Amino acid sequence: MKKIVSLCLALAMVLSIGMLTAACAEPTELVFWTALSGSYNDAIQKICEDFNASQDQWKVVAEYQGNYYDIAAKLQAALLDGSEPDIVQMECSRTPLFSDYGSFAELSDMLANVGLDAKEYFYEGFMVDCDWGEGLYALPFNRSTPMFYYNKTLFDEMGLSAPTTWDELHEVAKKVSIPGERWGFEVPIDQWFFCCFVRQSGGELMNAEKTELTVNNEAGAASLHWMREMLEDGSMKAPPGSEYNGYEAARSDLAAGITTMIISSTGDLGRLRDMCDFEVGTAFLPGNPDYGVVTGGANVCVLAGHEDKEAGVAEFLKYLTSADVAGQWAVTTGYVPTSESAANSEVYQQYLAEIPAGTTALQQMEYAGNQPVIPQWAEIGATIITPEMQKCVEDAAYTPEMATQSMHDLVATLLGTK
């Protein structure tokens with residue numbers, strides 16, 4: 001009898017220790033590198049905190065790494081020494097580049113295990129640079145298109161409406177400009193907007209085989225002529241700086257009343273509403289004559305070789321892109337909902353009812369296309385198209401035709417097709 005009692009006590013002790021150990025076990029950490037600062041970073045941190053509180057197996061730690069340029073450079077370095085994160089927020093044009101390196105995991109089976117069918121769930125327009133026929137290597141997260149913003153309070157006072165074409169924009173810009181004090185229009189010099197302008201002018205960025213940049217024509221040169229004309233007559237202010245400094249300048253100038261119309265990301269709506277002491281109006285990008293935009297923003301990608309954390313990563317991605325979470329993210333930031341479920345969520349529908357300016361981003365998706373999905377596109381945009389645009393608007397002797405021909409030739413050299 002004593003032996004039986006002792007055995008029972010020992011067994012009870014073992015079970016108690018096991019239960020205590022399980023109760024005290026730390027959740028497995030998932031490192032998520034992010035590329036958005038300020039209130040956007042706060043929103044990401046809140047999502048991660050809520051996910052962590054919803055279960056006890058996994059703990060997502062979001063680490064801000066700088067802007068899209070910074071995070072790409074840091075990821076390249078981290079891959080060399082094995083310090084890469086589990087999940088990364090990657091600007092959409094760079095997704096094919098890292099996938100081509102073999103850095104990102106294919107997600108289809110992982111997501112199927114948690115019941116998420118990406119092709120069925122997300123808007124098709126956002127999936128082109130997540131699945132381009134070689135597998136699913138990303139999910140759309142903070143996706144956007146360029147959008148037209150204007151000082152609606154001033155426009156209402158002057159009896160003006162948002163322009164719908166380039167010519168209308170130019171005329172309105174001249175009406176609202178005050179020499180040396182206020183400019184009508186400002187747009188960052190950026191390849192993303194150039195892509196939109198080419199599309200609006202009836203052109204294509206590349207041939208079907210993705211071996212040639214096809215902008216050395218009237219459609220490619222049109223926007224450069226348009227901007228130069230406005231710069232020359234004083235109705236457009238060119239923002240200073242490179243990379244994302246031009247965006248900050250445009251936002252700040254609109255808020256300060258230095259300009260009255262800008263083009264920036266749909267993801268800037270929340271920020272501009274906070275910055276401006278007047279009503280911020282939104283509209284489609286004026287056409288030439290057609291409407292047209294290309295998608296941008298960032299995806300979330302999973303690093304290859306992290307199979308031991310695959311289950312947790314899949315659960316987090318499902319949570320991150322769920323209707324209510326993604327809907328709240330769109331409300332908080334102004335980014336476009338990435339799925340019909342998110343767009344139809346109660347929180348997003350209530351937002352649209354309260355803030356009519358928010359409807360533009362989703363409605364403009366009807367006219368959205370994509371940047372070319374090739375590994376070299378990020379380099380083409382940053383080191384060829386944007387610098388050629390900059391040179392053209394700054395140097396009167398460097399014509400739009402010279403700039404677009406140079407773009408074509410430099411891309412041919414880069415791709416080895418010249």
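Modeller: Helices here are DSSP runs of H or I, at least four residues long, numbered from the N terminus. This is a predicted model.

Colleague: Where is Leu-116 found?

Modeller: Leu-116 is in the loop between α5 (108–112) and α6 (118–121).

Colleague: Why is Leu-116 called buried?

Modeller: Its relative accessibility is 11%. Buried means under 20%, so Leu-116 counts as buried.

Colleague: What is Leu-116 in contact with, leaving aside its neighbours within four places in sequence?

Modeller: Leu-111, Tyr-121, Leu-139, Lys-318 and Thr-321. Ser-322 is 206 residues from Leu-116 along the chain, yet their C-alpha atoms are separated by 9.7 Å.

Colleague: How many aromatic pairs are there?

Modeller: The count is 22. Among them, Trp-192 and Phe-193 form a stacked pair.

Colleague: What makes the pair of Trp-192 and Phe-193 stacked?

Modeller: Their centres lie 5.6 Å apart, with 25° between the planes. The cut-offs are 6.5 Å for pairing and under 30 degrees for stacking, so both conditions hold.

Colleague: Are Trp-192 and Phe-193 buried or exposed?

Modeller: Trp-192 has a relative accessible area of 8%, so it is buried. Phe-193, at 1%, counts as buried too.

Colleague: Which residues do ring pairs link into a cluster?

Modeller: Phe-32, Phe-51, Phe-316 and Tyr-319.

Colleague: How do you know that the charged end of Arg-94 sits over the ring of Tyr-69?

Modeller: It is 4.8 Å from the ring centre. The limit is 6 Å, with a further condition of 35 degrees from the ring normal. Lys-391 lies over the face of Tyr-398, at 4.2 Å from the ring centre.

Key. Residues numbered from 1 in each chain as written. Predicted model: local features only at pLDDT ≥ 70, side-chain atom pairs only at ≥ 80, totals over all residues. Heavy atoms only, no water. Phe/Tyr/Trp six-rings, centres within 6.5 Å; stacked < 30°, edge-to-face > 60°. Buried < 20%, exposed > 50% of the residue type's maximum accessible area, 1.4 Å probe, protein only. Helix = DSSP H or I, 4+ residues; strand = E, 2+ residues; numbered from the N terminus. Contact = heavy atoms within 4.5 Å.
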